[in-house]
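These are my notebook entries on one protein chain. I set down what I looked up, in the order in which I looked.

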Amino acid sequence: MDTKQMSRNLGIHEQRLKHLHAAYAAAIIKRLKSLHLPDFGKKETALKDEIIRSHPANPDGNVIGTHPSDYSNLLRIGNLNYFSMRNSMYHSYVSKIMEKRFIPMLVKYFPDQAGEVVKYIRKAGYGDGEVLDLIDRTAGYNSKTAYLYQGKSGEEHRKKFHQKIRNSCPNVSRNANK
C-alpha cells in the first residue's frame with residue numbers, strides 16, 4: 001500500500017494511516033485465528049463415528065440411504081465436512097497469506113520500532129513466546145528485522161534456535177567451524 005499517496009488523498013497523516021492499517025490487519029488475523037480449532041480433526045472423526053453408530057443397520061447391509069433418519073444424518077455429516085473444510089481454510093489463509101503479508105508490513109511501517117511491531121503482533125492474538133517464531137516464519141532474520149531480535153527475549157530465542165539446529169543435525173561435528 002502506498003501510504004504517502006493514500007494519506008494525501010484521504011487527508012490523514014501518514015503515520016496515523018499506518019497505525020490504522022496495522023490495527024485493522026491485526027483485528028482480522030485475530031478473528032480468523034479465533035475461528036480455527038486446532039484439534040477439530042479428532043473431534044470430527046469421533047462425531048462421524050457416533051452418527052454412523054447411531055444409525056439402525058438395514059437388513060441388506062446399507063448403512064445410509066433408506067432409513068428416515070438418513071437425511072438428518074447426511075446433513076450432520078455434510079455439516080461436519082463443511083466445518084472441517086472451513087476450519088482448515090482459516091488456518092491455511094492465516095498462516096500462508098495473512099501472516100506473510102502482516103509482518104513485512106509492520107517492519108516496513110515501523111522500522112527500528114520493535115515495541116510497535118510487537119504491540120500489533122500481540123493485538124493479532126499472538127503470545128509472548130510466539131512473536132519471534134512468527135517473525136522467523138514470515139520475514140526471517142535479516143538486516144531489516146535484526147532490531148526485533150534485540151534484548152533478552154531475542155537472545156533466548158537465538159539460543160533455542162541454535163539448539164534446535166544442533167538437535168536436528170546430530171551427525172554434524174560441533175567443531176567443524178574451528
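Entry 1, overall make-up. I counted 7 helices and 0 strands in the chain. The model I am reading is a predicted one. Along the sequence I wrote the pattern as α-α-α-α-α-α-α. I then looked up burial and found that buried residues make up 27% of the 178 residues. The chain exposes about 12,200 Å², of which carbon and sulfur atoms supply 55%. For contacts with a separation of 6 or more, I noted that 61% join residues 24 or more positions apart.

Entry 2, a pair of helices. Two packed helices are described by the angle between their axes and the distance between the axes. I looked up H2 (residues 14-35) and H5 (residues 114-123): their axes come within 8 Å and cross at roughly 35 degrees. On the H2 side I listed His19, Ala22, Ala23, Ala26 and Lys30, which meet Glu116, Lys119, Tyr120 and Lys123 of H5. Sorted by class, this contact has 4 nonpolar, 1 polar and 4 charged residues.

I placed Leu47 in helix H3, which covers residues 40-54. Its relative accessible area is 35%, so I recorded Leu47 as partly exposed. From C-alpha to C-alpha, Leu47 and Leu80 are 8.2 Å apart in space, although 33 residues apart in sequence.

Which residues make the nonpolar surface patch of about 260 Å²? I found Met89, Tyr93 and Ile97. I recorded Ile97 as partly exposed because its relative accessible area is 31%.

Conventions:
Residues numbered from 1 in each chain as written. Predicted model: local features only at pLDDT ≥ 70, side-chain atom pairs only at ≥ 80, totals over all residues. Heavy atoms only, no water. Patch = residues over 30% accessible without salt bridge, like charges linked within 9 Å, V, L, I, M, F, W, Y side chains within 5 Å. Areas by Shrake-Rupley, 256 points an atom, 1.4 Å probe, with all protein chains shown as cover. Salt bridge = Lys/Arg side-chain N within 4 Å of Asp/Glu carboxyl O. Buried < 20%, exposed > 50% of the residue type's maximum accessible area, 1.4 Å probe, protein only. Axes fitted to C-alpha atoms, helices over the stretch in contact; angles between N-to-C directions. Helix = DSSP H or I, 4+ residues; strand = E, 2+ residues; numbered from the N terminus. Contact = heavy atoms within 4.5 Å. Nonpolar A, V, L, I, M, F, W, Y, C, P; charged D, E, K, R; others polar.
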